[in-house]
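Let's take a walk through this model together. Have a look at the sequence and the fold, and then we'll go through some of the details.

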Amino acid sequence: MSEIKVIRIYDHEQPEGYRILVDRLWPRGMSKVRAHLDEWDKQIGPTNELRKWFNHEDDKYPEFKSKYIAQLKANPVTAAFVKDVKEKLAKGNVLFLYGAKNKKHNQAVVLKEFVDSQLN
């Protein structure tokens with residue numbers, strides 16, 4: 001069964017799958033060649049204002065999560081993104097790639113939960 005996996009783009013271990021960068025900004029120090037992306041969906045990431053407010057502070061994560069989910073629900077590209085991910089999952093795993101250092105509290109984790117909820 002195919003699944004969405006959340007992977008830090010800088011990790012040495014990179015599983016097989018359709019690779020989507022879900023950050024609004026390009027990961028610092030990462031070359032386009034090394035990234036091996038299939039897609040870069042900038043528009044699905046949180047707004048610059050929300051991203052800067054969150055600043056990867058763990059205590060802000062619950063509020064960040066609810067605000068980002070609200071943004072996803074209001075974002076005109078979300079439905080097409082979810083549809084695209086569903087189509088890719090029919091062929092294999094989909095990797096949501098992100099650059100943040102925190103592996104538990106980042107927008108890719110929220111996005112995976114949101115997309116999973118839309119697929120069920």
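Where do Asp 84 and Lys 88 sit, and what separates them? Both are in helix α4 (residues 78–89), and because they are four residues apart there, about one helical turn lies between them. Helices here are DSSP runs of H or I with at least four residues, strands are runs of E with at least two, and numbering goes from the N terminus.

Before going on, a word on the ground rules. This is a predicted model, where local features need pLDDT of at least 70 and side-chain atom pairs count only at pLDDT 80 or more, while totals for chains, interfaces and linings use all residues. Residues are numbered from 1 along each chain as its sequence is written, and side-chain values use heavy atoms, with hydrogens and water left out.

Asp 84 and Lys 88 form a salt bridge, with 3.5 Å between the closest N and O atoms. The term stands for a side-chain nitrogen of Lys or Arg within 4 Å of a carboxyl oxygen of Asp or Glu. Asp 84 is buried at 18% relative accessibility, and Lys 88 is buried too, at 19%. For these labels, buried means under 20% relative accessible area, exposed means over 50%, and partly exposed is in between (1.4 Å probe, protein chains only). Helix α4 also holds Lys 83, which is exposed with a relative accessible area of 53%. From Lys 83 to Lys 104 you move 21 residues in sequence and 25 Å in space, C-alpha to C-alpha.

The count of salt bridges comes to seven. Another one of them joins Lys 67 and Glu 63, at 3.2 Å from N to O. These two are four residues apart in helix α3 (residues 61–74), so about one helical turn separates them. Lys 67 is partly exposed at 36%, and Glu 63 is partly exposed at 41%. Lys 60 and Glu 57 also meet in a salt bridge, at 3.6 Å from N to O, and Glu 57 is partly exposed at 29%.

Now for the strands. Four of them form an open sheet in the order β1-β4-β2-β3, with parallel pairing. The edges are β1 (4–8) and β3 (39–40), each of which pairs on one side only. Two strands count as paired if DSSP finds at least two bridges between them. Strand β2 (residues 18–21) is joined to β3 over two bridges: Leu 21 has Trp 40 as its bridge partner, and Ile 20 has Glu 39.

Finally, look for the largest pocket, which has a volume of about 530 Å³. Of the 19 residues lining it, Asp 23, Leu 25, His 56, Gly 99 and Ala 100 are the closest to its centre. On a 1 Å grid over the protein atoms alone, a pocket is an open set of points with protein on both sides within 12 Å along at least five of seven lines, and lining residues have an atom within 4 Å of a point. Helix α2 (residues 48–54) gives the most to this lining, with three residues. By type, the lining divides into eight nonpolar, four polar and seven charged residues.

How values were computed:
On a 1 Å grid over the protein atoms alone, a cavity is a set of points where a 1.4 Å probe fits but cannot get out, and a pocket is an open set with protein on both sides within 12 Å along at least five of seven lines; lining residues have an atom within 4 Å of a point. Grid points are joined across faces, edges and corners, and a volume is the space filled by probe spheres set on the points. Ala, Val, Leu, Ile, Met, Phe, Trp, Tyr, Cys and Pro count as nonpolar, Asp, Glu, Lys and Arg as charged, and the others, Gly among them, as polar.
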